[in-house]
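Subject: Structure for your review

Dear colleague,

Please find below the structure that I am handing over to you. My findings follow it.

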Amino acid sequence: MGIEEVAEAIRHDQFPELEDSRYDTSRRLREVLNSPAVSGGEPIRRSFLPLAAAWIEKAEEDEVLDTLRSGWITTGPKTMRFEALCQEYLGSKHAIAVNSCTAALQLALAACDIGPGDEVITTPISWPATSNVVINQGAKPVFVDVEPDTLNLDASKIEAAITPRTKAILPVHMAGQPCDLDRIRGIARRHQLIVIEDAAHAIGAEYHGRRIGTISEATAFSFYPTKNITTIEGGLLTTDNDDLAERARLLGNQGISRDAWKRYAKDGSLHWQLLSSGFKMNMTDVQASLGLHQLPRLEEFNRIREEYVRMYNEAFSDLPAIQPLAQRSGIRHAHHLFIVLLQLDQLTIDRDQFMMALKAENIGTGTHFVSMHLQPFYRKEFGIQPQDFPVARQVSEQLVSLPLYPKMTVSDVQDVVQAVRKVVTAYSVKSKAARREVPETVAA
Ligand SMILES: Cc1ncc(COP(=O)(O)O)c(C=O)c1O
């Protein structure tokens, strides 16, 4: 038996009793394998497993090449085809492809005339884009705390934050799990507010049988490389409102009456008119080339994500230190992220040390998200204090995302499970082996 086979047998508990002194080497090997790599043990993997990775195949490569050789590389026929595909898949009346989800959110706010003096209620547990776009419109983001078990906006706290200046609610479907849209939309209706959904994580998700992207006034999706499908950078704005769609198309194209394809095509018109100030947010045909082959694979991608989440949930069910987010009934989850809340009272290390320990095992992790209200900008600009949003503050210290993407193999998932179990066991408050020499906390 070679050393690798012995290690494999020990990892899977298939080795005979090691008390016999003839097995000293094996006993030492078991110690090394069970020790966290961060304190000198053998890492679970030899190669690094990133937190996320896109799955690009030959069809995408060929389509990009075809576009590059076609003579038309910016917004044109392929973007139009991609929009039609999105429209058909999502079931929305309009689907506007843009260069990011940030752009889609910005356009939605601008098309709804949200500007100086207005307030938009949103969540502090998100990527900066969600609240940045509100500020970029000259309006004010007003945070409402999140639910402790889903990290979604806590609908029960929204009404207390509404003022005469409130114009919209901007919820985020965290990790791909739809928010409580019935409740949020009910509040919006009573107070005549617009709902703009940040569905960066939620393509393919459903709420009570309705696909996300067809429910509120506007919805924004992301096609960034880590997302459920990718166009490298890219985003999509959906709406059923004709006026909103027309205005969004205009504003996303410098306020110009016709886009470039329509101007330069043989049958295009000679002139255009500037009808408004605006932004430049168009998706290119090179980006759309990827989308044309990614979207048809989304259902399969999401099915694999769901299967891996099931494996994680099962594998961690006996670890009190690892608490995955809750899943509500009546929804279809897009499983963009697998976030766990570390139960820090069960561990001798903090969240950052946990991430460092997994990194030493060659497992990538992430934090989605440390609350915006703890960021220097919000503290300085709006005088927000950490204790103003107690749930967001607490989960910000507990949350960790583990690798989850369809390109991972089942064996990669098993490596993550083994690494988490090893680290949790080594640094459990109950473990006799709890180490004193814990890794240094990394600077954020
Ligand atoms: C919740 C959320 N909203 C918006 C965005 C912005 O997406 P994009 O990078 O496509 O602009 C992200 C990006 O990660 C996100 O996680």
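Of the 444 residues of the protein, 46% count as buried; a residue is buried if 20 or more other C-beta atoms lie within 10 Å of its own, exposed if 12 or fewer, and partly exposed in between, with C-beta atoms placed from the backbone. This is a predicted model, in which local features need pLDDT of at least 70, side-chain atom pairs count only at pLDDT 80 or more, and totals for chains, interfaces and linings use all residues. Residues are numbered from 1 along each chain as its sequence is written.

The secondary structure comes to 15 helices and 13 strands. Here helices (H or I, at least four residues) and strands (E, at least two) are DSSP runs, numbered from the N terminus. The radius of gyration, taken over C-alpha atoms, is 24 Å, close to the 22 Å that the globule rule gives for 444 residues, so the protein is as compact as a globular protein of that length. The globule rule is 2.2 Å times the number of residues to the power 0.38. Along the principal axes, the C-alpha atoms fill a box of roughly 90 × 55 × 40 Å.

Two residues are in contact if their C-beta atoms, placed from the backbone, lie within 7 Å. Among contacts between residues at least 6 apart in sequence, 71% join residues at least 24 apart.

The largest nonpolar core has 118 residues. Such a core is a set of buried Ala, Val, Leu, Ile, Met, Phe, Trp, Tyr and Cys residues joined through C-beta atoms within 7 Å. Val 98, Ala 104, Leu 107, Ala 108, Ala 168 and Leu 237 have the most contacts inside this core, and α5 gives the most to it, with nine residues. Leaving aside neighbours within four places in sequence, the contacts of Leu 237 include Ile 96, Val 98, Ala 104 and Leu 107.

Around the ligand there are 14 residues, the closest being Ser 100, Cys 101, Thr 102, Ala 200 and Ser 222; a residue belongs here if its C-beta atom, placed from the backbone, lies within 6 Å of the molecule. The elements that give two or more residues to this shell are α5 (101–111) and α6 (129–136).

In α6, Ala 129, Thr 130, Ser 131, Val 133 and Val 134 are buried. Their cover includes α5, β2 (119–122), β3 (140–143), β4 (166–170) and β5 (194–198). Just after α6, Gly 138 takes a positive phi of about 85 degrees.

Turning to the strands, two of them pair if DSSP finds at least two bridges between them. Strand β1 (residues 94–98) has four of its five residues buried. Five bridges join β1 to β9 (residues 235–239), and the two run antiparallel. Within this pair, Ala 95 stands opposite Thr 238 in β9. Elsewhere, three strands form an open antiparallel sheet in the order β7-β6-β11. Its edge strands, β7 (210–211) and β11 (331–332), each pair on one side only. Two bridges link β6 (residues 206–207) to β11, and Glu 206 stands opposite Arg 332.

Finally, where does Thr 219 lie? Thr 219 is in strand β8 (residues 218–222) and is buried, with 28 other C-beta atoms within 10 Å. The C-alpha atoms of Thr 219 and Cys 101 are separated by 9.6 Å, although these residues are 118 apart along the chain.

Yours sincerely
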